Number of protein chains: 2
Amino acid sequence: MSARILVAEDDPKQSHLIKAYLEHEGHSVLVARDGRVALDLARSRTPDLVVLDVMMPEVDGLDVCRVLRAESRVPILMLTARSTEADLLLGLDLGADDYVVKPYSPRELVARVRALLRRSGVEEADGPIRVLDVEVDPERFEARIGGELVPLTAKEFELLRVLASAPGKAFTRGQLLQETFGFDHNVQERTVDAHVMNLRRKIEPDPAVPRYVLTVPGRGYKFAG
Amino acid sequence: MSARILVAEDDPKQSHLIKAYLEHEGHSVLVARDGRVALDLARSRTPDLVVLDVMMPEVDGLDVCRVLRAESRVPILMLTARSTEADLLLGLDLGADDYVVKPYSPRELVARVRALLRRSGVEEADGPIRVLDVEVDPERFEARIGGELVPLTAKEFELLRVLASAPGKAFTRGQLLQETFGFDHNVQERTVDAHVMNLRRKIEPDPAVPRYVLTVPGRGYKFAG
DNA sequence: CGGCGTCTTCATCGAACTTTCACAGGCTTC
DNA sequence: GAAGCCTGTGAAAGTTCGATGAAGACGCCG
């Protein structure tokens with residue numbers, strides 16, 4: 001469902017629009033204004049998909065595409081103003097997975113991203129998670145405690161999914177925010193506390209003495225394990 | 001699922017690309033570099049579908065299309081660089097079943113091929129789906145609730161088919177759009193809500209308390225299960 | 001050309017959710 | 001024991017979400 005997407009586009013208007021649309025889809029969006037930054041971010045943040053404008057300062061999209069493809073298999077969607085066949089082929093040879101020719105509709109872009117993510121199996125990667133008597137099934141969007149179905153909100157579910165996917169690992173609030181909301185969401189870290197409380201109220205037999213979602217003082221939270 | 005497809009395209013780069021993408025879909029692909037060869041192969045190998053480039057040496061795509069159509073009902077997808085209305089009309093008059101205008105994305109081509117195969121009944125029509133007392137028969141394009149035939153519109157039927165094909169799986173609105181419309185459609189996600197409401201009105205005993213098509217808050221919809 | 005059914009968008013309302021804030025209590029560190 | 005930091009918790013504001021009806025857009029058929 002939600003993927004981390006790097007958008008490399010130098011025109012702020014464009015990038016802002018793209019960001020808004022992709023985020024509306026539930027994705028986390030990181031924006032780079034030139035090719036060099038794009039490469040750096042692609043390496044350090046390991047996004048699930050990269051949207052590349054061909055025309056960019058410093059290092060252009062084609063070069064970024066070539067380098068990225070040499071380093072990883074991250075799905076790449078190219079944005080190009082030039083609609084010549086040569087350009088399309090060139091891009092493909094470089095390893096781009098799909099194209100959108102400008103001018104495009106935001107909806108089209110979103111649809112292409114969706115298709116690409118789907119094809120790349122980014123969304124299907126998660127099977128059901130089982131820890132203790134907690135079961136989290138991303139596909140069904142359901143959580144069970146001891147077989148009992150517990151209704152959770154979207155955020156609560158994501159939080160539980162992230163925590164339960166690595167039992168015993170202590171996450172900081174920032175990490176949890178990043179995993180559940182996106183890498184560049186401007187939200188107070190304390191908000192995580194609120195969600196944790198709500199989650200505990202729903203899944204803990206005694207919220208005052210948590211069995212599943214444990215506090216790690218000075219750090220954040222972890223799932224028992 | 002897997003069909004035998006003849007691709008008539010003189011540009012090796014293009015044909016290679018198309019071949020790769022179609023084979024990735026599980027199809028068997030045969031390539032012809034000019035119209036004359038294409039005609040021969042179409043006759044001798046009886047493909048399930050033909051992809052025809054308009055511009056080809058020897059015999060052009062339009063001629064091939066005309067001849068093929070006179071001889072058989074094989075589904076024909078035209079590739080054209082010219083996007084004039086006259087051309088499109090000409091192609092369709094000649095019996096082409098669909099067309100793709102260059103430059104196109106590989107994904108779009110693959111989608112059109114899939115849609116065309118489906119429409120032509122070449123792909124094994126999925127067998128009837130039975131969940132609870134709901135029966136969806138894609139081949140007959142009929143839906144039954146408790147044995148009772150319920151008349152649905154095309155969109156309603158597709159929606160029900162997709163949902164019922166994976167009972168319990170929570171679909172986002174985006175996924176439903178993609179599954180029912182294909183990914184080059186520009187449609188608001190809210191439109192799904194409208195179709196769901198219409199569908200519920202027809203199949204639910206009490207639309208206010210759905211038994212079959214359930215809302216998954218924060219996510220989308222799912223079929224009971 | 002006009003009517004009809006379908007598809008899509010829009011506006012709206014109420015409900016649910018997210019986020020912030022303030023405060024209390026507990027633990028740690030001197 | 002006191003100060004300071006950290007977490008738990010509830011209330012409240014702000015925002016989003018979901019259901020729904022109305023209306024426009026579109027294509028089809030007579």
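Which residue stands opposite Val216(B) in strand 12 of chain B? The residue opposite Val216(B) is Gly220(B). Strands here, like helices, are DSSP runs numbered from the N terminus, with at least two residues (E) for a strand and at least four (H or I) for a helix.

This is a predicted model, in which local features need pLDDT of at least 70 and side-chain atom pairs count only at pLDDT 80 or more, while totals for chains, interfaces and linings use all residues. Residues are numbered from 1 along each chain as its sequence is written, and chains are lettered from A and ligands numbered from 1 in the order in which they are written.

The pair Val216(B) and Gly220(B) belongs to a strand pairing in chain B: strand 11 and strand 12 (residues 220-223) run antiparallel and are joined by 4 bridges. Two strands count as paired if DSSP finds at least two bridges between them.

Chain B has another open sheet, with 4 strands in the order 6-7-8-9 and antiparallel pairing. Its edges are strand 6 (129-131) and strand 9 (148-150) of chain B; each has a single partner strand, so one side of each is left without a neighbour in the sheet. On average, neighbouring strands of this sheet are turned by 25° against each other, direction ignored. Within the sheet, strand 7 (residues 134-137) and strand 8 (residues 142-145) of chain B pair over 4 bridges in the antiparallel sense. Val134(B) has Ile145(B) in strand 8 as its bridge partner.

Ile203(B), in helix 8 of chain B, touches Ile145(B), Val150(B) and Tyr212(B), leaving aside residues up to four places away in sequence. Touching, or contact, means that the C-beta atoms, placed from the backbone, lie within 7 Å. The C-alpha atoms of Ile203(B) and Ile145(B) are separated by 6.9 Å, although the two residues are 58 residues apart along the chain. Ile203(B) is buried because 21 other C-beta atoms lie within 10 Å; the cut-off for buried is 20 or more such atoms, with 12 or fewer for exposed and partly exposed in between, all C-beta atoms being placed from the backbone.

Chain A has 8 helices and 12 strands, and 40% of its 225 residues are buried. Strand 4 (residues 76-80) of chain A has 5 of its 5 residues buried, so the strand is largely enclosed by the rest of the structure. Ile76(A), Met78(A) and Thr80(A) point one way from this strand, and Leu77(A) and Leu79(A) the other way. Strand 4 of chain A pairs in the parallel sense with strand 3 (residues 49-53), over 4 bridges, and with strand 5 (residues 98-101), also in the parallel sense over 4 bridges. Leu77(A) stands opposite Val51(A) and opposite Asp98(A) in strand 5.

In soluble globular proteins, nonpolar side chains tend to be buried together. The largest nonpolar core here has 44 residues, and Leu160(A), Leu163(A), Leu160(B) and Leu163(B) have the most contacts inside it. Such a core is a set of buried Ala, Val, Leu, Ile, Met, Phe, Trp, Tyr and Cys residues joined through C-beta atoms within 7 Å. Helix 6 of chain A gives the most to this core, with 6 residues. A second, separate core has 35 residues, including Ala42(A) and Leu62(A).

Finally, the DNA. Around DNA strand C there are 22 residues, of which Thr153(A), Lys155(A), Gln188(A), Thr153(B) and Gln188(B) come nearest. A residue is near a strand if its C-beta atom, placed from the backbone, lies within 6 Å of it. DNA strand D is surrounded by 18 residues, with Asp193(A), Ala208(A), Thr215(A), Asp193(B) and Thr215(B) the closest. Helix 8 of chain A provides the largest share of the surface near DNA strand D, 5 residues.

Conventions: Axes are lines fitted to C-alpha atoms, for helices over the stretch in contact, and angles run from 0 to 180 degrees between N-to-C directions. Two residues are in contact if their C-beta atoms, placed from the backbone, lie within 7 Å.
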